[in-house]
Amino acid sequence: MKAFLLLCLLVTSVDQLAAQDWQQFSDKATGITFALPENAQTFEQEQLRVYASAIDSTLAVQVHVFDNASAINPRDEIIRQVLEEEKGDTLRTIARVMLLATNSKATELIAVRNNRQEGLQVGFSYSSLASDVPFHSFVQYFLLNGRFVAFTVTGAEREMRRLLQTKEYFFSTIKLSGK
């Protein structure tokens, strides 16, 4: 019964998120679509596009589109070693390198599919360098036709319920294209 009530609460909360002012975005180069809060900003650099929105001071969502996934350089000694340990699985290698680079702890590692595209969902926890406040991030990422695309939601541990609600809603809006 408790599990049913918790599920109902989560579904109701996710529906409330959908009622907030989120809007659809589309990345023209990849054809992917996703929703972000209406205050989202877009930043472009050479071979990188970032769509970002701070929901408030404790919760944010971002999409990173790297046009050249070859930056994941198998000639780098650390990447080569992790790639060998992961038996050539590039997605799992990326997850391990992210954890190493951020000095964080893995909280989940789940295979995901979106429009027949395989990806990974990684959860990790870490402390903010500025304040030592515990944070959690959840990232779904994919390698799409030579591009690396990452969808991230990050929030303070004290806001875990809202973080999980936002994660469920945000990730449910992602639609990958076959481009």
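This is a predicted model: local features need pLDDT of at least 70, side-chain atom pairs count only at pLDDT 80 or more; totals for chains, interfaces and linings use all residues.
Let me start with Thr-154, which lies in strand E9, residues 147-156. Residues are numbered from 1 along each chain as its sequence is written, and side-chain values use heavy atoms, with hydrogens and water left out.

Back to Thr-154. Its relative accessible area is 18%, so Thr-154 is buried; buried means under 20%, exposed over 50%, and partly exposed in between, with a 1.4 Å probe and protein chains only. Leaving aside neighbours within four places in sequence, Thr-154 is in contact with several residues, among them Thr-58, Tyr-126, Phe-135 and Leu-163. Contact means heavy atoms within 4.5 Å. Ser-137 is also one of these residues, and its side chain makes a polar contact with the side chain of Thr-154, at 2.7 Å. A polar contact is a pair of N or O atoms within 3.5 Å; within protein, one must be able to donate a hydrogen and the other to accept it, and residues adjacent in sequence count only if both atoms are side-chain atoms.

Next, two loop residues. Asp-27 is in the loop between strand E1 (22-26) and strand E2 (33-37). Is Asp-27 buried or exposed? Asp-27 is buried, with a relative accessible area of 0%. Not counting residues up to four places away in sequence, Asp-27 touches Ile-32, Arg-49, Tyr-51 and Val-65.

Asn-115 sits in the loop between strand E6 (105-114) and strand E7 (117-127). Asn-115 has 38% relative accessibility and therefore counts as partly exposed. A polar atom of the Asn-115 side chain lies 2.8 Å from the backbone oxygen of Leu-176. Asn-115 is also 59 residues from Ile-174 in sequence, with 9.8 Å between their C-alpha atoms.

Last, the helices. At the start of H2, a side-chain oxygen of Asp-76 comes to within 3.0 Å of the backbone nitrogen of Ile-78. Just after H2, Lys-87 has a positive phi of about 55 degrees. H2 (residues 77-85) packs with H3 (residues 90-102) at an angle of about 130 degrees, their axes 9 Å apart. Axes are lines fitted to C-alpha atoms, for helices over the stretch in contact, and angles run from 0 to 180 degrees between N-to-C directions. The contact involves residues including Ile-78 and Val-82 of H2, and Arg-96 and Leu-100 of H3.

How values were computed:
Helices (H or I, at least four residues) and strands (E, at least two) are DSSP runs, numbered from the N terminus.
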